[in-house]
Amino acid sequence: MITRKRLATGACALLAALSVALLPTGAAADEPAKESPKVELVLDVSGSMRAKDIDGQSRMAAAKQAFNEVLDAVPEEVRLGIRTLGADYPGQDRKRGCKDTRQLYPVGPLDRTEAKTAVATLAPTGWTPIGPALLGAADDLGDDGATKRIVLITDGEDTCAPLDPCQVAREIAAKGIHLVIDTLGLVPDAKTRQQLTCIAEATGGTYTSIHRTEDLSRRVRQLVDRAADPVVTPVATQGAGRCDKAPQLKPGLYTDRESFGEHRWYRVDLLPGQELRASVSVSADRAVNNDYGVLLRAVTLHGREIVRGSEAGDGRTDVVSTGLRYPKPDLDDGPGDAKPAAETVCLQVSNSFSAPPSVKTTPGMPIELTVDVVDGPSTASDVASFGLGRGWWLLGALVLVGFLAGLVWGWLSRWRVAVWRTH
């Protein structure tokens, strides 16, 4: 009897589960299908890509190596395509050379082997029609509601004026199709840097100078991964010269501009039991002197430093970033239901950039500040212990091992001396 009851109960439960699974839920029926993000990599294959100045190999070889690594790491949900410029026409006819752009691999589900094979066939050939290539890439991505991103990789400025690629980027942005253009300059000169920066800023994208294959691969992977994440529009803000005059920031992404050697202040409120996580990136959008750095400090309203993060650069990249974490301890339960007061944390962003006398220092360099407030760590192992964090346990183990090794060595030394005296 008991066995029959169990079988009956199990059968009823199975039928109920099947019924729930087969019936469409209201949320699933009403929720529209989410468009897959789209990315098109636009690669310069002009004749100048033959130059051998990236890790001892040609710019084209560095780009191919980076593409192979990027294609292996593309998220499954991203629809990726590849377009070339200057890959087919080697002649001197300007009219033909400025039409030399084509889609090498269509935007869609990625067949990694097929895409790598297509890239492997490329050889530096012709002109640099950046403007026409951007227009073609925008058409490739379409005007649907998907997140769209163009990643332009080139080693020189456009050679097909008067079609100004910066103006092309502004026209693309004006269409309102949510398309962002990021630009990467391979060993760029001042004119290339200026043009690529203008293209990126016109659509809310980023510009990065590349001097090594590793940097190219890492940056393209970051941009492709960013396309797979929800789009976050940076909020323009303006830091102050003092903390008490600084803007109050909530969790989010912010942009500002900072002059050479300037200090800018921002404020964030933090409740007990919360953790502040902040990072800052400063972009050198013009020629600067080597050896520079960026500092991010968290201090109290009274000027006492809480924590800091810093990073230095030597001219090999145009972006330098750093970050910090500050967990505010939770309060012990007290009488009443009084809401705990928030602590105002002052964030100071400083830089040590300098520029040659011929370079304009205004407007300031673009900075990107990320602020996040999360629940603080729940275990002691997640916070600093005597200022050493998780390294405390390693240090303790090393001390113990050293102590034991000293005892053993001392015992062996005394034994050898005793044996020597005996003989």
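The model is predicted: local features need pLDDT of at least 70, side-chain atom pairs count only at pLDDT 80 or more, and totals for chains, interfaces and linings use all residues. Residues are numbered from 1 along each chain as its sequence is written, and side-chain values use heavy atoms, leaving out hydrogens and water.

**The sheet**

- Six strands form an open sheet in the order β3-β2-β1-β4-β5-β6, with mixed pairing. Strands (E, at least two residues) and helices (H or I, at least four) are DSSP runs, numbered from the N terminus. Two strands pair if DSSP finds at least two bridges between them.
- The edge strands are β3 (101-108) and β6 (207-210), and each pairs on one side only.
- From one strand to the next, the twist averages 15°.
- β1 (residues 38-44) pairs with β4 (residues 148-154) in the parallel sense over 6 bridges. V42 stands opposite L152 in β4.
- Helix α3 (residues 59-73) lies across β1, β2 (79-85), β4 and β5 (179-186). α3 runs at about 165° to β1. Axes are lines fitted to C-alpha atoms, for helices over the stretch in contact, and angles run from 0 to 180 degrees between N-to-C directions.

**β5, α8 and β6**

- β5 and β6 pair in the parallel sense over 4 bridges. The bridge partner of G185 in β6 is S209.
- The chain crosses from β5 through helix α8 (residues 190-202) to β6, a right-handed β-α-β crossover. Right-handed means that, with the strands pointing away from the viewer, the path from the first strand over the helix to the second runs clockwise.
- Both faces of β6 are covered: Y207 and S209 are buried on one side, T208 and I210 on the other. Buried means under 20% relative accessible area (1.4 Å probe, protein chains only).
- Buried residues of α8 include R193, L196 and I199. The buried residues of α8 pack against α6 (130-141), β4, α7 (165-174), β5 and β6.
- α8 is followed by G204, whose phi is positive, near 80°.

**D182**

- D182 lies in strand β5. D182 is buried, with a relative accessible area of 0%.
- Its side chain makes polar contacts with the side chains of R149 (2.4 Å) and T206 (2.9 Å). A polar contact is a pair of N or O atoms within 3.5 Å; within protein, one must be able to donate a hydrogen and the other to accept it, and residues adjacent in sequence count only if both atoms are side-chain atoms.
- Leaving aside neighbours within four places in sequence, D182 is in contact (heavy atoms within 4.5 Å) with residues including I150, L152 and L223.

Technical notes
Buried means under 20% relative accessible area, exposed over 50%, partly exposed in between (1.4 Å probe, protein chains only).
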